[in-house]
Amino acid sequence: MRSAVRKTRSFSLDQNVLSEVERTKGSNSASERVNQLLKYALETERKASLYQEAAQFFSSAPEDRQERRAFHKAGLKSWSRP
């Protein structure tokens, strides 16, 4: 594991969350397990946000198709001129 500067903070955890952390920590400390879970959750949240942003960006495709057709049609007209 890489060496990192750590900062001690205090957070309150639900008892069932704490029990799951203790149950799944393996040979790591509870603090290391919480850090792993938080990093995973933050990465998952970031990916979900990017997915939502991409979906929103590409949701305007039908309007874009009309513009593309008009551009294509204008291009064909200009190519057919003598």
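Colleague: What separates Arg-46 and Glu-43 in helix α2?

Modeller: About one helical turn, because the two residues are three apart in helix α2. A helix here is a DSSP run of H or I with at least four residues, a strand is a run of E with at least two, and both are numbered from the N terminus. Two notes on the source. Residues are numbered from 1 along each chain as its sequence is written, and side-chain values use heavy atoms, with hydrogens and water left out. The model is predicted, so local features need pLDDT of at least 70 and side-chain atom pairs count only at pLDDT 80 or more, while totals for chains, interfaces and linings use all residues.

Colleague: Which salt bridge does Arg-46 form?

Modeller: A salt bridge is a side-chain nitrogen of Lys or Arg within 4 Å of a carboxyl oxygen of Asp or Glu. Arg-46 forms one with Glu-43, where the closest N and O atoms are 2.6 Å apart.

Colleague: How many helices and strands does the protein chain have?

Modeller: Three helices and zero strands. Of its 82 residues, 2% count as buried.

Colleague: How much space lies in the largest pocket?

Modeller: A pocket is found on a 1 Å grid over the protein atoms alone: it is an open set of points with protein on both sides within 12 Å along at least five of seven lines, and lining residues have an atom within 4 Å of a point. The largest pocket holds about 600 Å³. Its lining has 20 residues, and Ser-31, Val-34 and Leu-38 are among those nearest the centre. Helix α2 gives the largest share, seven residues.

Colleague: How do the lining residues divide by type?

Modeller: Into twelve nonpolar, three polar and five charged. Nonpolar covers Ala, Val, Leu, Ile, Met, Phe, Trp, Tyr, Cys and Pro; charged covers Asp, Glu, Lys and Arg; the others, Gly among them, are polar.

Methods
Buried < 20%, exposed > 50% of the residue type's maximum accessible area, 1.4 Å probe, protein only. 1 Å grid on protein atoms, 1.4 Å probe; cavity = no way out; pocket = protein on both sides within 12 Å on 5 of 7 lines; lining within 4 Å. Points joined across faces, edges and corners; volume = space filled by probe spheres on them.
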